[in-house]
Amino acid sequence: MSYCRAIESMEGERKALHKAYHDRLYGFPIHDDAELFGRLLLEINQAGLSWETILKKEAGFRSAYHDFDVEKIAAYREADRRRLMADARIIRNKLKINAAIENAKTILRLRRDHASFEAWLEAHHPRSKDEWVKLFKQTFRFTGGEIVGEFLLSTGFLEGAHSPDCAVYKRVLKAKPRWHDTSLVDV
Ligand SMILES: [Zn+2]
């Protein structure tokens, strides 16, 4: 079942939580490196857990990880790792915390040749999901097929976040996701 359809059968607070993400964020391009990095961080933290758990903790993540500021996270020291491991608002997992810090450092390195994380992604677009997964595994920590696929769907680099009959589909197209850029896809 598609995410769009799954939400219809949800109820109450659970539905509100998913609907807010589905209607306003899922599949829409992100033009801000902190938000883009934040989405990758959240997808990585979802591994082994439900997306709902992550949505509930999003504000906590944002606060604990300095609004996903890439420079600040890349500069985290041992005291920050201890602080994060003690913060119940986030997922307290050493590997995931380490991935956030190392991936932030990687993005700073990518910015030497590309204006931004977004510019780096655009420089590699278009490519198949398998090629993206390979590239991410070579570049970032903690990036398996599911994490990379969801990150790229959710940020508009891969097609398929919303089904064409979903009310949000047209709004996503208006926001010009990269997958819909036919001039590039046809190359
Ligand atoms: Zn949808």
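Where does Pro126 lie? Pro126 sits in the loop between α8 and α9, and a cis peptide bond with an omega of about -5 degrees joins His125 to Pro126. Helices here are DSSP runs (H or I, at least four residues), as strands are (E, at least two), and both are numbered from the N terminus.

## About the model

This is a predicted model, in which local features need pLDDT of at least 70 and side-chain atom pairs count only at pLDDT 80 or more, while totals for chains, interfaces and linings use all residues. Residues are numbered from 1 along each chain as its sequence is written, and side-chain values use heavy atoms, with hydrogens and water left out.

## Backbone features in the loops

Let us stay with the backbone for a moment. The loop between α4 and α5 holds His66, which has a positive phi of about 45 degrees although it is not a glycine. Phe68 is found in the loop between α4 and α5 as well, and its phi is also positive, near 60 degrees, in a residue other than glycine.

How exposed are these two residues? Relative accessible area is judged with a 1.4 Å probe on protein chains only: under 20% is buried, over 50% is exposed, and in between is partly exposed. His66 counts as partly exposed at 33%, whereas Phe68 is buried at 1%.

## The nonpolar core

In soluble globular proteins, nonpolar side chains tend to be buried together. A nonpolar core is taken here as a set of buried Ala, Val, Leu, Ile, Met, Phe, Trp, Tyr and Cys residues joined through side-chain atoms within 4.5 Å. The largest one in this model has 49 residues, and those with the most contacts inside it are Phe61, Tyr65, Phe117, Leu121, Trp132, Phe136 and Leu152. At least two residues each come from α1 (3-8), α3, α4, α5 (70-74), α7, α8 (117-124), α9 and α10. Helix α7 gives the largest share, seven residues.

Helix α8 is also the place of Glu118, a residue that counts as buried at 13% relative accessibility. Glu118 and Leu25 are 93 residues apart in sequence, and their C-alpha atoms are 16 Å apart in space.

## Salt bridges

A salt bridge is counted when a side-chain nitrogen of Lys or Arg is within 4 Å of a carboxyl oxygen of Asp or Glu. By this rule there are 16 salt bridges. In one of them, the side chains of Arg14 and Glu52 meet at 2.6 Å, N to O. Arg14 lies in helix α2 (residues 12-24) and Glu52 in helix α4 (residues 51-64), so this pair ties together parts that are 38 residues apart in sequence. Arg14 is partly exposed at 43%, while Glu52 is buried at 15%. Glu52 also forms a salt bridge with Lys56, with the closest N and O atoms 3.9 Å apart. Those two residues are four apart in helix α4, which means that about one helical turn separates Glu52 and Lys56. Lys56 itself is exposed, at 60%.

Another salt bridge joins Glu102 and Arg141, whose closest N and O atoms are 3.9 Å apart. This pair links distant parts of the chain, 39 residues apart: Glu102 is in helix α7, and Arg141 is in the loop between α9 (129-139) and α10 (145-154). Glu102 is buried at 19%, and Arg141 is partly exposed at 42%. Salt bridges that share partners also join Arg5, Glu8 and Asp165 into one network.

## Cysteines

With a disulfide taken as a pair of cysteine sulfur atoms within 2.5 Å, the count comes to zero. Cys4 is buried at 8%, and Cys166 is buried at 13%.

## On a 1 Å grid over the protein atoms alone, a cavity is a set of points where a 1.4 Å probe fits but cannot get out, and lining residues have an atom within 4 Å of a point. Grid points are joined across faces, edges and corners, and a volume is the space filled by probe spheres set on the points. The whole structure has two cavities of 30 Å³ or more.

The largest cavity has a volume of about 70 Å³, and its lining includes Gly27, Tyr169 and Trp179. The second largest cavity holds about 40 Å³ of space and is lined by residues including Phe37, Lys96 and Asn103. Helices α3 (33-46) and α7 (94-113) are the elements that give two or more residues to this second lining.

How values were computed:
On a 1 Å grid over the protein atoms alone, a cavity is a set of points where a 1.4 Å probe fits but cannot get out, and a pocket is an open set with protein on both sides within 12 Å along at least five of seven lines; lining residues have an atom within 4 Å of a point.
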